[in-house]
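Colleague: I am new to this structure and would be grateful for a close look at a single part of it. Please describe the sheet, and then what surrounds it.

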Amino acid sequence: IDSEFLDAEHANLPELARRGVRFGYTPDVLTAAVADLSVMLALMASRNAGEVSSFVQDNKWPTVNWAPFGFCGPQLSTTSLSPKRTIGFLGFGRISQATLSRLIPFGITDCIYTSNPASSPTPSRDSDLTKRHQLNSLKRVDLDTLARESDVLFVLAPGGPSTRHLVNEQFLKKMKPTSVLVNTSRGTLVDSDALAKALKEKWIWGAGLDVVEGEPNVPGDHPLVKEP
């Protein structure tokens with residue numbers, strides 16, 4: 001079986017192995033594309049691009065009261081008032097590392113990530129990435145730290161039962177009110193209802209989503225669709 005997917009989440013690998021069926025997939029084919037998309041969604045969410053575009057598309061622009069800081073959002077790059085920017089990754093494989101490399105020119109200073117609990121630490125790789133990107137720090141952390149310290153959090157881990165709703169209400173409540181969540185991996189990693197609540201009650205600043213749980217069955221009254 002040849003699958004044009006990045007992972008094998010949709011395949012019953014034990015059953016295939018029992019039947020002696022070989023299974024192939026394409027882990028590298030979309031690395032650059034997903035990394036580009038991840039950065040784009042982070043910028044769009046932080047700068048309220050969706051909400052602003054809707055004002056033009058819905059012919060509401062003439063009725064909007066102008067304000068000096070209207071539609072402004074948290075800046076991805078560092079500033080004199082905020083000289084530290086921490087990027088977080090839930091999962092730190094090829095796509096996460098490609099995304100990190102694209103973010104370095106913005107002035108990212110620190111990087112934190114979580115990995116599969118069963119995986120071994122990689123201090124040599126982390127040290128190499130820290131030096132290559134001239135970061136102040138790059139370290140593996142637990143989920144609580146990832147939620148609390150990330151200015152922008154990229155969800156880039158495999159789907160499946162073990163990662164379902166890792167980003168839930170408890171996780172989102174720990175995030176900064178100025179933080180942005182980006183999911184370009186699998187919709188099942190993020191609890192959609194919890195995220196909609198977090199956006200509505202302003203626990204976090206915004207979210208950029210390429211995937212949603214239950215897609216493509218996402219109706220117009222879906223709680224996330226109704227959020228700007």
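Modeller: The account below begins with the sheet and then turns to the aromatic rings, a helix beside the sheet and the charged pairs.

Please bear in mind that this is a predicted model. Its open sheet is formed by 6 strands, in the order β3-β2-β1-β4-β5-β6, and their pairing is parallel. The edges are taken by β3 (137-140) and β6, each of which has a single partner strand, so one side of each is left without a neighbour in the sheet. On average, neighbouring strands of this sheet are turned by 15° against each other, direction ignored.

The aromatic rings come next. A pair of aromatic rings is described by the distance of the centres and the angle of the planes. The structure holds 4 aromatic pairs. One of them is formed by Phe92 and Tyr113, and this pair is stacked, with 4.4 Å centre to centre and 15° between the planes. Phe92 lies in the loop between β1 (86-90) and α4 (94-103), while Tyr113 belongs to strand β2 (residues 110-114), so the pair ties together parts that are 21 residues apart in sequence. Phe92 counts as buried because its relative accessibility is 5%, the cut-off being under 20%. Tyr113 is likewise buried, with a relative accessible area of 1%.

At the start of α8, a side-chain oxygen of Asp191 comes to within 3.1 Å of the backbone nitrogen of Asp193. Just after the helix, Lys202 adopts a positive phi of about 60°.

Charged pairs complete the picture. Side chains of opposite charge can pair when their charged atoms come close. The structure holds 9 salt bridges. Among them is the one between Glu213 and Arg164, whose closest N and O atoms are 3.4 Å apart. This pair links distant parts of the chain, with Glu213 in the segment after β6 and Arg164 in the loop between β4 (152-155) and α7, 49 residues apart. Glu213 counts as partly exposed, at 22% relative accessibility, and Arg164 is also partly exposed, at 48%.

Another group of charged residues involves helix α1. Salt bridges that share partners join Glu15, Arg18 and Arg19 into one network. In the bridge between Arg18 and Glu15, the closest N and O atoms are 2.6 Å apart. Both residues lie in helix α1 (residues 13-18), 3 residues apart, about one turn of the helix. Arg19 also forms a salt bridge with Glu15, with closest N and O atoms 2.6 Å apart. Glu15 counts as partly exposed, at 25% relative accessibility, whereas Arg18 is exposed at 60% and Arg19 is exposed at 58%.

Terms used. Residues numbered from 1 in each chain as written. Predicted model: local features only at pLDDT ≥ 70, side-chain atom pairs only at ≥ 80, totals over all residues. Heavy atoms only, no water. Polar contact = N/O pair within 3.5 Å; in protein donor to acceptor, adjacent residues only side chain to side chain. Helix = DSSP H or I, 4+ residues; strand = E, 2+ residues; numbered from the N terminus. Phe/Tyr/Trp six-rings, centres within 6.5 Å; stacked < 30°, edge-to-face > 60°. Buried < 20%, exposed > 50% of the residue type's maximum accessible area, 1.4 Å probe, protein only. Salt bridge = Lys/Arg side-chain N within 4 Å of Asp/Glu carboxyl O. Pairing = 2+ DSSP bridges. Axes fitted to C-alpha atoms, helices over the stretch in contact; angles between N-to-C directions.
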